[in-house]
Amino acid sequence: MKTAIATVSISGTLQEKLEAISAAGFDGIEIFEQDFIAHDGGPREVGQMVRDHGLEIFLFQPFRDFEGLPEPLRHRALRRAEHKFELMRELGTRDMLVCSSVHPEALGGIDRMADDFAALGELAAGYDVRVGFEALAWGRHVWDHRDAWEVVRRADHPNVGLILDSFHTLARKIDPDTIRRVPGDKIFYVQLADAPAIDMDLLYWSRHFRNMPGEGDLDVTGFMRAVMATGYDGPASLEIFNDQFRGGPTRTIARDGYRSLVALMDDVRRSEPGLEDKIDEIPARVAVDGVEFIEFAAQGTEAEALKTLLTTLGFRMSGRHRNKLLEVWRQGDIRILINSETTGFAASTWTARGTNVCDIGLKVADAASTVTRARALGADTFSQPVGPGELDIPAIRGLGGSVLHFVDASSGLSEVWDVEFEPAEDMSNRDAGLASIDHVAQTMEYDEMLSWALFYTTLFDMQKAPMVDVIDPDGLVRSQAIASRARPDGKGLKVTLNGAETHRTLAGDFLTHGFGASVQHVALRTDDMLKTAAALADLGFDPLPMPANYYADLEARFDLSPEFLERLRSANILYDEDANGAFLQLYSRPFAGGMFFEILERRNGYAGFGAANAPFRIAAQKRFGRVKGMPDL
């Protein structure tokens with residue numbers, strides 16, 4: 001199935017848009033009239049420029065306020081359409097979108113509108129072009145695709161068909177399965193857009209808050225299933241109006257659009273019978289079994305400081321790489337790698353950012369299939385030279401240029417620890433009860449959050465939690481958790497995406513001084529926080545100190561025994577609870593430019609991330625940061 005995107009969906013000049021759309025992998029475009037008019041070349045030149053980028057022009061749009069007009073407005077509209085048909089012939093495109101009228105003088109009546117479209121179809125036939133009628137959700141007389149189809153049906157002209165837009169149908173809460181009644185050969189074109197569930201004026205909602213399929217709350221998959229069930233075989237195209245996208249990086253938005261379409265059509269193929277020959281098959285969304293390793297790039301005194309911190313957390317060095325300055329530190333199911341190489345990828349990230357998490361390894365069932373799906377979704381693969389006796393572990397680029405490696409047991413990649421590493425002599429027993437990696441927290445600019453949420457939810461079998469506001473003393477941070485779907489074995493991957501709107505916040509400061517590093521903290525899970533806290537104290541761990549005011553507030557908010565509250569206070573443990581269970585948190589002090597470790601215990605069914613504690617934790621961390629107003633050296 002061919003893919004397309006309306007040029008209005010992304011920022012830039014027409015030339016910049018075409019370059020980005022082509023690079024993203026699309027087959028063609030809808031050329032938005034405003035983009036054409038603003039360009040300083042004629043229609044033949046524009047058409048050739050599009051084709052030079054390996055693209056087709058699938059649709060010219062929009063043609064407004066046509067049907068139901070009284071004379072002489074009707075005659076003028078037909079003459080205006082004829083002018084557009086001449087333009088389309090020079091551009092080299094066959095289909096034009098006619099959106100339902102909002103003209104104040106437009107008259108109602110299905111038969112009147114059908115007669116108008118029959119006349120328009122006859123005019124279009126002379127230019128060998130077609131016209132498609134789209135019901136705008138705020139149209140004056142037609143705002144439902146069922147009414148638009150009735151106009152097309154009564155017009156009964158081969159050059160007149162229906163254009164469907166998921167936003168207009170779903171925003172009006174019209175059952176998309178009603179589309180199944182339309183003959184597929186009379187659907188000329190399909191436009192797709194998602195949107196967050198917001199109660200507002202339909203026109204304003206459409207013009208400012210559309211986003212890519214999978215980024216919002218509309219049932220775009222159900223809509224496209226119904227479309228494909230009709231036998232439709234035209235392009236799947238994006239038409240997105242979004243203020244953030246209009247000012248965003250052109251190539252990133254185009255790439256996100258392509259990724260969203262590929263994932264959507266894969267979902268449709270898997271859920272709607274009989275589409276095997278119409279939609280290309282790619283591997284299914286990947287179920288992640290957990291985090292195999294977290295790799296830090298660190299050198300010199302920074303590497304030694306990190307090792308000291310890990311020692312106080314109860315980790316021990318369990319192995320050294322046979323060929324590289326690369327150590328494995330282990331506790332429970334947690335592997336933390338410290339890469340001190342002076343050449344290669346890790347070294348380059350250390351040079352640019354200092355100590356940072358440069359690589360995350362994920363446990364999957366099939367590493368090769370994971371990369372195949374990632375590549376189909378437009379992700380960039382990663383590789384570097386493999387040394388003697390080393391395994392070639394598949395990988396892709398992640399947030400901030402970091403790397404995601406994929407490790408499976410079926411191809412022997414999980415044996416990497418025995419194949420590439422020699423056991424270390426440090427066999428001391430300093431275990432503090434840390435069992436596994438609970439989640440990884442990644443920090444980014446707020447404008448990047450939709451993009452990276454889409455990255456995770458289209459590649460992996462994960463779902464989004466509602467976005468929450470985290471209050472920093474110096475601004476607001478948006479946070480969204482993305483987690484593997486509930487599994488009986490409890491395994492999976494959890495990532496929190498934290499979007500900074502100002503660099504004065506803790507998250508924003510980390511972005512500024514980490515030069516784009518992505519992972520700000522790693523959360524380590526224990527089954528007994530009080531026991532772990534005692535073990536950490538014996539190991540010399542320095543927790544993030546919390547003020548007495550915090551524990552006084554806990555006493556007022558929750559029914560905690562004095563003894564339990566005192567144990568929390570003395571160990572600097574934070575506490576939260578909900579209807580399902582309780583949550584205990586303990587933090588390290590900031591290190592290496594603002595990174596930190598979190599230790600946590602989830603009791604019973606608590607599934608959150610302690611959002612209620614975030615403002616107090618951030619304030620405590622900022623007491624260890626740079627003094628406000630002090631210039632960087």
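The axes of helix H1, residues 14-24, and helix H3 cross at roughly 25° and come within 10 Å of each other. That angle makes H1 roughly parallel to H3, since angles under 35 degrees count as roughly parallel, over 145 as roughly antiparallel, 65 to 115 as roughly perpendicular and the rest as oblique. For the fitting, axes are lines through C-alpha atoms, taken for helices over the stretch in contact, and angles run from 0 to 180 degrees between N-to-C directions. Helices here are DSSP runs of H or I with at least four residues, strands are runs of E with at least two, and both are numbered from the N terminus.

A quick word on the source, friends: this is a predicted model, where local features need pLDDT of at least 70, side-chain atom pairs count only at pLDDT 80 or more, and totals for chains, interfaces and linings use all residues. Residues are numbered from 1 along each chain as its sequence is written, and side-chain values use heavy atoms, with hydrogens and water left out.

Back to our pair. H1 passes H3 in a right-handed crossing; a crossing is right-handed if the near helix is turned clockwise from the far one by less than a right angle, and left-handed if anticlockwise. Which residues of H1 and H3 make the contact? On H1 they are Leu-14, Gln-15 and Leu-18, and on H3 they are Val-46, Met-49 and Val-50, where contact means heavy atoms within 4.5 Å. By class, that contact has five nonpolar residues, one polar and no charged ones. For the classes, Ala, Val, Leu, Ile, Met, Phe, Trp, Tyr, Cys and Pro count as nonpolar, Asp, Glu, Lys and Arg as charged, and the others, Gly among them, as polar.

H3 has another partner. Helix H3, residues 43-52, packs against helix H4, residues 73-91, at an angle of about 45°, with the axes 7 Å apart. That makes H3 oblique to H4. H3 passes H4 in a right-handed crossing. Pro-43, Arg-44, Val-46, Gly-47 and Arg-51 of H3 meet Leu-87, Glu-90 and Leu-91 of H4. The contact of H3 with H4 has four nonpolar, one polar and three charged residues.

Now for helix H11, residues 250-271, and helix H16, residues 449-459: their axes cross at roughly 30° and come within 10 Å. H11 and H16 are therefore roughly parallel to each other. H11 passes H16 in a left-handed crossing. H11 brings Thr-252, Arg-255, Asp-256, Arg-259, Ser-260 and Ala-263 to the contact, and H16 brings Ser-451, Leu-454, Phe-455 and Thr-458. Sorted by class, the contact of H11 with H16 has three nonpolar, four polar and three charged residues.

On a 1 Å grid over the protein atoms alone, a cavity is a set of points where a 1.4 Å probe fits but cannot get out, and a pocket is an open set with protein on both sides within 12 Å along at least five of seven lines; lining residues have an atom within 4 Å of a point. Grid points are joined across faces, edges and corners, and a volume is the space filled by probe spheres set on the points.

The second largest pocket holds about 690 Å³ of space. Its lining has 35 residues, and Lys-324, Asp-359, Gln-384, Glu-390 and His-405 lie nearest the centre. Among the elements giving two or more residues to that lining are strand E9 (288-297), helix H13 (345-353) and helix H14 (367-376). The lining of this pocket divides into 17 nonpolar, ten polar and eight charged residues.

How many cavities of 30 Å³ or more does the structure hold? One. The largest cavity has about 50 Å³ of space. Ile-360, Leu-362, Leu-404, Val-440, Gln-442, Tyr-456, Leu-493 and Val-495 line the largest cavity. Strands E13 (356-364) and E17 (434-445) are the elements that give two or more residues to that lining. By class, the lining of the largest cavity has seven nonpolar, one polar and no charged residues.

Last, the backbone. Most residues other than glycine have a negative phi, and most peptide bonds are trans. The bond from Gln-61 to Pro-62 is cis, with omega near 0°, and Pro-62 lies in strand E3, residues 56-63. Glu-71 and Pro-72 are also joined by a cis peptide bond, with omega about 5°.
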